Amino acid sequence: MSSITTDLTDFPLASETQKYLESALIGHVIEGDVVASRSGETMPIIHPATGAEIGWAAAGGPDDVEQAVTSARRAFDDGRWRDLAPLEKERRLRRLSELVAEHADVFSDIDVLDAGLLKVYTGFIVQATLDAVDYYAGWPSKISGTIPAVPNDVAVYVVREPVGVIGLVVPWNGPTFVLGFIAAALACGNSVVVKPAEQTPMAAVLMGQLCLEAGIPPGVVNVLQGTGETVGAALVAHPGVDAIAFTGSIETGRRIQAAAAPRVKRVSLELGGKSAQIVFADAELETAAATAAMAVWGASGQVCTAGSRVLVQRSIHDELVERIAAVSRGLRIGSPFDPAVDLGPVVSAQQLDRITGYVAIGNDEGAALTLGGRRHGDVGYFFEPTIFSDVRNDMRIAQEEIFGPVMCVIPFDTEEDAFTIANDTEYGLSAGVWTSDVTRAHRAYRALRAGTVWVNTYQEVNAAVPYGGVKQSGHGRALGAASLDELLQTKTVWMKVSR
């Protein structure tokens, strides 16, 4: 059975985390049990700060997918969760939130161990997760239908029902937050099969166990470990899965949508971005520079909303670049467990190679390398905060999502130029605007083709506020009431009324 094999005393873990991991089995969660793969196959768990194996997780195959989907399908069809009274669903979801809060240190430590995220950042993720579970815990008794105005010889009811079995294929850059997506699906009465990223298998197992402890019946929440090519693809194609929600790369999103098409399966996609932060000459430059920097360096640039294109009005270009560089030169790079560290590792050797390759492309394209551009150290997967200035928007480094600590600074002259450059990308997840002119701010949010526009702030998130993109950044929404549309379907009921 897959487990943690390293000496846990090497890490400054909370005592509760130590206790949990000493006996934890990093397997699938199927019908309420943590189990190994039917084939016995495993895959290594790598700590990104050292590049060393810390344990082994189950590596699933088609038989495991069949077992998990069958479990979820049976749980949905027999109504063990779907048919519970709405207030009872709410009680159990609130209990789930309480359990997550009790295990907050464990979730935070786990995300540092297998994702390499800074401990301070994982604390933020856990709190955002709690907020999301609390938010969705209140929804089961609020989901209601309508009675349309129709002729008197009929009565018509429009009801909202769960979709069925939802396949959640989720990323590695915020493993614990997946529980927010699970809570949303459960609030609507669905069953769930979660496929965590192979780089970050640990948090999902604990999620499945806490769901059971909260009173969510076995089979309603299942977890499948393994690669996207094997387990993810089989989950998407399985006829027992009614809908897929995917967060990840645009290339994988396209493959998922194509694979789901033969069965006309519902798909919601959040496919990342190449978000622009527009800094006008009238902006408060100190705040804009500091926020723009951390909007790229946060989580080592591995955030879908990373503001990796910084568009700067030409008259302040040099000053803002120097301000951002000054903030960035002082960043401390090191162990994500160290509270004094500002920048941790990227998630894998593969990701480190990808970032290194894009820096070479930027140099070849003629962008000015203002800061960084190299791997940091020779242990673990660290990369320096990297700034390219005088970037043209047609360069690959300005058009393609790098998903690392690489910033492209692009000069512009007029407001119209800024909006044109910002929109000139296949992505449309988010954008930021920095200005003291409120009228310009209104023009900006109307002009920018993005799912979220922040003005004089960046990367604010709230469970009640919808999140998602347009264009190649995907479709559908997470969070907020709008997210329920992805998890519910509408049924119309007609009754003849005798006269």
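**Aromatic pairs**

Guide: Start with Y135, which is partly exposed at a relative accessible area of 22%. Keep in mind that this is a predicted model.

Visitor: Is W139 buried or exposed?
Guide: The cut-off for buried is under 20% relative accessible area. W139 has 18% relative accessibility, so W139 counts as buried.

Visitor: How many aromatic pairs are there, and what kind is the pair of Y135 and W139?
Guide: The count comes to nine aromatic pairs. For Y135 and W139, the ring centres are 6.3 Å apart and the planes stand at 70°. Planes over 60 degrees apart count as edge-to-face. The pair of Y135 and W139 is therefore edge-to-face.

Visitor: Which residue joins Y135 and W139 in a cluster?
Guide: Ring pairs do the linking here.

Visitor: F280 and F419 form a ring pair. How many residues apart in sequence are the parts it ties together?
Guide: The ring centres lie 6.5 Å apart with planes at 75°, so this pair is edge-to-face. F280 is in the loop between β11 (276–279) and α10 (285–297). F419 belongs to helix α14 (residues 415–423). The pair therefore ties together parts separated in sequence by 139 residues.

Visitor: What are the relative accessibilities of F419 and F280?
Guide: F419 is buried, with a relative accessible area of 9%. F280 is buried too, and its relative accessibility is 0%.

Visitor: Which residue lies over the face of F280?
Guide: Look 4.2 Å from the ring centre of F280. The residue lying over that face is R440.

**Sheet and hairpin**

Visitor: Which strands are at the edges of the open sheet?
Guide: Seven strands make up this sheet, in the order β13-β14-β15-β12-β11-β16-β17, with mixed pairing. An edge strand here pairs on one side only. The edges are β13 (368–371) and β17 (452–455).

Visitor: In which sense do β11 and β12 pair?
Guide: Four bridges connect β11 with strand β12 (residues 309–313). A276 stands opposite R309 in β12. The sense of the β11 and β12 pairing is parallel.

Visitor: Which residue in the turn between β3 and β4 has a positive phi?
Guide: β3 (residues 42–47) and β4 (residues 52–58) run antiparallel, joined by six bridges. I46 has E53 in β4 as its bridge partner. Four residues separate the two strands of this hairpin. The turn residue with a positive phi, about 75°, is G51.

Visitor: What arc do the buried residues of α9 cover?
Guide: In helix α9 (residues 250–260), the buried residues are I250, G253, I256 and A260. They lie on the same side of α9, because around the axis their arc is only 115°.

Visitor: Which exposed residues are on the face turned away, and what does the buried side pack against?
Guide: The face of α9 turned away from its buried side carries R255 and A258. The buried residues of α9 pack against α8 (228–237), β9 (243–247) and β10 (266–270).

Visitor: How far apart are the C-alpha atoms of L343 and I333?
Guide: L343 sits in the loop between α11 (317–329) and α12 (349–365). At 0% relative accessibility, L343 is buried. Residues touching L343 include W297, I333 and F382. L343 and I333 are ten residues apart along the chain, and their C-alpha atoms are separated by 4.8 Å.

Key. Residues are numbered from 1 along each chain as its sequence is written. This is a predicted model: local features need pLDDT of at least 70, side-chain atom pairs count only at pLDDT 80 or more; totals for chains, interfaces and linings use all residues. Side-chain values use heavy atoms; hydrogens and water are left out. Two strands pair if DSSP finds at least two bridges between them. Buried means under 20% relative accessible area, exposed over 50%, partly exposed in between (1.4 Å probe, protein chains only). Contact means heavy atoms within 4.5 Å. Rings of Phe, Tyr and Trp (its six-membered ring) pair if their centres lie within 6.5 Å; planes under 30 degrees apart count as stacked, over 60 as edge-to-face and the rest as tilted. A charge sits over a ring if NZ of Lys or CZ of Arg is within 6 Å of the ring centre and within 35 degrees of the ring normal. The arc is that of the directions from the helix axis to the C-beta atoms. Lists of a residue's contacts leave out its neighbours within four places in sequence.
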